[in-house]
Amino acid sequence: MATLDDEIREGVDRETVETVRAMGGTYKYGWDTDIEMEYAPKGVNPDIVRLISEKNGEPEWMTEWRLSAFERWEQMEEPDWAMVTYPEINFQDQYYYARPKSFETKPKSLDEVDPKLLATYEKLGIPLKEQMILAGVEGAEDMPAEGRKVAVDAVFDSVSVGTTFQSELKKAGVIFCSISEAIKEHPELVKKYLGSVVPASDNFYATLNSAVFSDGSFVYIPPGVRCPMELSTYFRINAENTGQFERTLIIADKGSYVSYLEGCTAPQRDTAQLHAAVVEIIIEEDAEVKYSTVQNWFPGDEEGKGGIYNFVTKRADCRGDRAKIMWTQVETGSAVTWKYPSCILRGNESQGEFYSIAIANNMQQADTGTKMIHLGKDTKSRIVSKGISAGQAQNTYRGAVTMHPKAKNGRNYTQCDSLLIGDQCGAHTVPYIEVRNNSARVEHEATTSKVDDDQLFYCRQRGMDEEEAVALVVNGFCKEVLQALPMEFAMEAQQLVAISLEGSVG
Amino acid sequence: MAIKRAQLKQQKQDALAARQPVLSMPEGGEWITAARKDAAGRLDAMGLPIRRDEYWKYTRPDAFTSAAPEAAALADDAGAQVFEGVDVLTVVFRDGAFDADASDALALDGVEISRLADAAQADIHWAKDIYGALETAGQDPVERPLAALNTAYATDGLVIRATGAAAKPIHVVYERSSDTSDVVLHHVIKVEEGASVTLLETGAAGARANTVTEVTVADTAAFHHVRSQGRDQERQLLTHMFARLGSESTFKSFTLTPNGKMTRNECIMELTGDDAIAHVAGALMADGKDVHQDDTIFITHDAVNCESRQVFKKVLSNGATGVFQGKILVKQGAQKTDGYQISQSLLLDEDSQFLAKPELEIYADDVACSHGSTSGAIDEDALYYLRARGIPHRKAQDLMVLAFLAEAVDEIESEELREAILRRIRLWLDLEDDL
């Protein structure tokens, strides 16, 4: 007979429950950093595009690329098909470029970076020093360090603050730097791959990003190299009325491997802020990329005031045979989420996986999912999506699985489950399934239910209060996805799952 | 370059401008003229569907929006005799025109039945509350302009009111002798409290047909519907079934589609009374690269403790296309909803395709809703099992097709009708002699 302690250990860390108690339901990262900033004038136009390009010291071809994207963007309309509603965004009433004053001349190393900035990341739990483990994840201190290194590229509003472990990575041949640096240092790679997965004219937000992206991360893993440590980017929006447009480009050359983590937070503000990022991943023959995100942008307050509009385009292209991509995302923040990390399975026997937990509480709205585009023979994909709605939130899974006529023996398995907590919220599932050859096998299952009363009763009987009990059940519901996360993220995610549901019961 | 929303709107208006001139509103009494004019107004505001419409993502609406139908050669065996041997009241429409000689007298115990063309001559009629009303409600949240077109321009149909238990099923037989007929028919069915009626439909109504059926099922009433859409290779058919269900009522509809160049069956159901039950099922046998079939279902749960069930099975061969768009919408407060949906396809060759969009939209927490969708080739192991027992390949495959489709046919409540449909499927699969 299992005791309560065993039960907790099995499903969820005790700390999760304790953290819930400690947190008191507030957004943990809602503070801001008081730092002197330099802004480009409000609004977006060709001059602003040129200005951003100039600030980054870009070559002419890059400026032209941006300008042509801007031209296209002006012809486009904002998409309205997602199940989200928000006041019309005035794209001319915000800043597209904001950087700390101290960055007028870019610091040569982390030692030269404004201590205030370093303190910001320290406070966020991401100290920008080369340490053995990613600190700040509660409990990480107790874990054996054993060489678990994580290199971090920290992006603050529009600029990259610094990238750790660069020299050690260089020894392995890995290039990990900000994209602005890559444009200058490795133009041949950027030129070859930028926009090759998400074309400049892909969609409204991606096109805007192509025109005005200010920074982001660049990764190149040479053939046959297993990246010696996990790479990560931490995005922080600090300035008010400022949009963040970052661009990430990851190239895994033949036979290489990398695990990449992404985290993000923003201060608590009354007005909504736009975040429109693009992530492009190119995976060559026999290479493998794991991309994990814990998205914890400010979700707005209980009345839905403020928060981040997270309109993101993420896509991986498995170009070579046996290439493999695994997307894992924990979406707990943002007022509005519009995000569909996708996989183009072009190479034969390539594989795509998508694991997602999306939690929407209070007035949050999330419309998220994936696309699995099977083009090559014997390609496989798997989708596991767990959506949780509470408060007055709306949570939508939107996904597509396409088996092209040439994708012989393609396989897909999709499982999307929704959990509703309370009678004021909504959970929706919008899958598209397109099977264009008969050797392909596609299976799709979806369920929607509420938190099981029997499970809650069981927990309550053992002395947990309702909120703890719900957190426990929800963690169990998400288990399949949590297990797919790298260890540090898994722990953080478990806590987030509980915290995000604060105040959703009773 | 993305097409702008204003351009799309214009394209819809252009599509309507191309179709409208060949339509003429029939003369009629006050009630129906008002309903027709309202519908024409709705149609004007919406325009006609175009290829870029999300709701027509997998089916090209062109076949239904062109000014004249494509010529459709007549079929040898349209399969109108599906319900042979079942005691029914037969009503025949030939190319959209009521065929009095071939029809039984419009009289049946427990039911009032007349032609729409006759009911339309009166200035007031009970059908006023239903005709076009359910179609109007069905325009939100998704526009269905071709249903509004039907309401405005339908020439005939049946008007049925069940006041008790109907003595036998009403069988509407659609015959066609023209390869260019363009048919618009509209039926109204009112099942009063505690009453019950069964509607059977067979055949293809015309070279091209657009039919709408509006059904209200009052508290504790029951409506059963079984149809076979005719083994008619070249016809193009669009059907809309709008249903509104009261408390403890039952609605069950089954459709067999054996081929046809173009078929789109839309079923829009609204569960407005507690404890209602709505089942809709379909079986498709599609053979040939010209065959395109689409089931589009929209079920709205707006009451407590209701059950809805969708079971769709599609067998696709020689390049046929099968489409399933099914949506369950559970409104706030529609607690204890039990919603189930399954769509499965069997692809018998490389060129056939299955396109599905099974949707859930849920605003109540105490519900159990699920959907499943699978697609793939025939199970080789099962085929091997049958062949190992001496059954030839072709026959083994047909047996598996029969078993696959039977799961949808099983949704028909009446054993007699279920058997009639199964018999027909066996016949078409050439299995009749052996079973």
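Strand β17 (residues 338-347) of chain B is mostly covered, with eight of its 10 residues buried. The model described here is predicted. Two strands of chain B pair with β17(B). Strand β15 (residues 307-317) of chain B runs parallel to β17(B), and 10 bridges join them. Within this pairing, B:Leu316 has B:Leu347 of β17(B) as its bridge partner. β19(B) also pairs with β17(B) in the parallel sense, over nine bridges. There, B:Ser370 in β19(B) stands opposite B:Tyr340.

β19(B) also takes part in a pairing between the chains. Strand β24 (residues 441-450) of chain A pairs with β19(B) in the antiparallel sense, over seven bridges. In this pairing, B:His371 of β19(B) lies opposite A:Ala446.

The contact between the chains involves 36 residues of chain B and 33 residues of chain A. On the side of chain B that touches chain A, the elements giving two or more residues are β18 (353-362) and β19 (368-376) of chain B. β18(B) supplies the largest share of that side, 10 residues. By residue class, the side of chain B that touches chain A holds 16 nonpolar, 10 polar and 10 charged residues.

Chain A contains 12 helices and 24 strands. Its radius of gyration is 22 Å, close to the 23 Å given by the globule rule for 506 residues, so chain A is as compact as a globular protein of that length. The C-alpha trace of chain A spans about 65 × 60 × 50 Å along its principal axes. Of the 506 residues in chain A, 56% are buried. Among contacts in chain A with a separation of 6 or more, 83% are between residues 24 or more positions apart.

Strand β13 (residues 307-318) of chain A is largely enclosed by the rest of the structure, because 12 of its 12 residues are buried. Several strands of chain A run parallel to β13(A). Strand β10 (residues 272-275) of chain A pairs with β13(A) in the parallel sense over four bridges. A:Tyr309 in β13(A) stands opposite A:Leu274. Strand β11 (residues 278-283) of chain A pairs with β13(A) in the parallel sense over six bridges. Here A:Val278 faces A:Thr313 of β13(A) as its opposite residue.

Further parallel pairings of β13(A) involve β15(A) and β16(A). Strand β15 (residues 336-339) of chain A and β13(A) are paired in the parallel sense over four bridges. A:Thr337 in β15(A) stands opposite A:Asn310. Strand β16 (residues 342-345) of chain A runs parallel to β13(A), and four bridges join the two. The bridge partner of A:Cys318 in β16(A) is A:Leu345.

Helix α9 (residues 415-428) of chain B has 14 residues, which at 1.5 Å a residue should span 20 Å; the end C-alpha atoms are 20 Å apart, in agreement. The buried residues in α9(B) are B:Leu417, B:Ala420, B:Ile421, B:Arg424, B:Ile425 and B:Trp428. These residues cover an arc of only 130° around the axis, which puts them on the same side of α9(B). B:Glu415 and B:Glu416 are exposed on the other side of α9(B). The cover over the buried residues of α9(B) includes β9 (222-228), β11 (250-258), β13 (277-287) and α8 (393-409) of chain B. B:Asp430 follows α9(B) and has a positive phi, near 60°.

A loop position in chain B is also buried. B:Pro69 sits in the loop between α3 (62-65) and β1 (89-94) of chain B. B:Pro69 counts as buried because it has 21 C-beta neighbours inside 10 Å, where the cut-off is 20 or more. Beyond its neighbours within four places in sequence, B:Pro69 is in contact with B:Thr180, B:Asp182, B:Ala207, B:Arg208 and B:Gln236. B:Val183 lies 114 residues from B:Pro69 along the chain, yet their C-alpha atoms are separated by 9.8 Å.

Definitions and conventions: Residues are numbered from 1 along each chain as its sequence is written. Chains are lettered from A and ligands numbered from 1 in the order in which they are written. This is a predicted model: local features need pLDDT of at least 70, side-chain atom pairs count only at pLDDT 80 or more; totals for chains, interfaces and linings use all residues. The expected span of a helix is 1.5 Å times one less than its number of residues. The arc is that of the directions from the helix axis to the C-beta atoms. Two residues are in contact if their C-beta atoms, placed from the backbone, lie within 7 Å. The radius of gyration is taken over C-alpha atoms; the globule rule is 2.2 Å times the number of residues to the power 0.38. Ala, Val, Leu, Ile, Met, Phe, Trp, Tyr, Cys and Pro count as nonpolar, Asp, Glu, Lys and Arg as charged, and the others, Gly among them, as polar. Two strands pair if DSSP finds at least two bridges between them.
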